Amino acid sequence: MNYLFLLFVVSYQQKCQWVDEDNRIYDYTQLDHPQAWHVVDTQNGMGMFNMVYIFNFCNIDLNCHGIPVAVYEGLEVMGTITDNCDIVGLKSTTSISHILDKPKDYGISISFNDNSQCVETANQNRAVQTDKPRTAIFNIVCSEKAEKQFRIVQGYGCTVTLEIYHPIGCPVNNSIFSYIKAVIKYLIIFTLLFHFLGFIYNKRIRKINGKQAIPNIQKIQEIKEILIQLLQSLERFIRQRNQNGYSVV
């Protein structure tokens, strides 16, 4: 029962979606990294010292100097990230659009900034305050396969740009298969919710204990037996093929 409840809770985790002007839906919930993305800026590194960008997109639990952030820049010394950090982007400044200067179906761009005026190094190494905030731009290019890591496209100045090829950059409602997937997903959620509430009702109101409190327990057991028989038949079929000289790769 706890397993069903856990599935129900996970199914209703926070979603992060963006709908463009053509009513195409982009769901970047699954772009979240379990701990957080870490991308080392080796282009502007100094041997044992490197800057590393640490970020996440949806269910964000990051902070720099005690401030909740979406992106921050940390200092990596000999492979270890120190406590030194600089805020690059706040979650409250999330902005989403199609990737600049690209067709709409190329992908999406998610950006964060730090709500302050950025200081850049100009000619003769003079610090110049600009009228724009420090910003991190993440370009997610539409792709059937997902790359394992972001790469830095631009890592110097007030704007850092990172890019990745990922299915998240594609709209989720661009084919009939997406609708079928959504229907199956919500059907599973409804089924889990029905059995969870039915179990509570039968146990507390109808005073039914044990497995009998699960709604449609007899049908579930029948389906279970059918699945077991199918698996056994499949196992026998594979065994017979092996005995007849076929090899299973």
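User: Leaving aside neighbours within four places in sequence, which residues is Phe138 in contact with?
Analyst: This is a predicted model: local features need pLDDT of at least 70, side-chain atom pairs count only at pLDDT 80 or more, and totals for chains, interfaces and linings use all residues. Residues are numbered from 1 along each chain as its sequence is written, and side-chain values use heavy atoms, with hydrogens and water left out. Contact means heavy atoms within 4.5 Å. With those neighbours set aside, the partners of Phe138 are Phe55, Phe57, Val71, Ile108, Ser109, Ile110, Phe112, Phe150 and Leu162.

User: Which residues have the most contacts inside the largest nonpolar core?
Analyst: A nonpolar core is a set of buried Ala, Val, Leu, Ile, Met, Phe, Trp, Tyr and Cys residues joined through side-chain atoms within 4.5 Å. Buried means under 20% relative accessible area, exposed over 50%, partly exposed in between (1.4 Å probe, protein chains only). The largest such core has 37 residues, and those with the most contacts inside it are Phe55, Phe57, Phe138 and Phe150.

User: Which element gives the most to this core?
Analyst: Helices (H or I, at least four residues) and strands (E, at least two) are DSSP runs, numbered from the N terminus. Elements giving two or more residues to this core include β3 (37-46), β4 (49-55) and β13 (135-142). With 4 residues, the top contributor is β4.

User: How exposed is Pro167, and which residues does Pro167 contact?
Analyst: Pro167 sits in the loop between β15 (159-166) and α2 (176-204). Its relative accessible area is 34%, so Pro167 is partly exposed. Neighbours within four places in sequence aside, Pro167 is in contact with Ser143, Glu144, Lys145 and Ala146.

User: What distance separates the C-alpha atoms of Pro167 and Tyr28?
Analyst: Along the chain, Pro167 and Tyr28 are 139 residues apart. Their C-alpha atoms are separated by 9.3 Å.

User: What is the phi of Asp101?
Analyst: Most residues other than glycine have a negative phi. Asp101 lies in the loop between β9 (95-98) and β10 (107-113). Its relative accessible area is 72%, so Asp101 is exposed. The phi of Asp101 is positive, near 65 degrees.

User: What is the phi of Asn115?
Analyst: Asn115 belongs to the loop between β10 and β11 (119-121). With a relative accessible area of 58%, Asn115 is exposed. Although Asn115 is not a glycine, its phi is positive, at about 60 degrees.

User: What is the relative accessible area of Leu230?
Analyst: Leu230 is found in helix α3 (residues 217-243). Leu230 counts as exposed because its relative accessible area is 54%.
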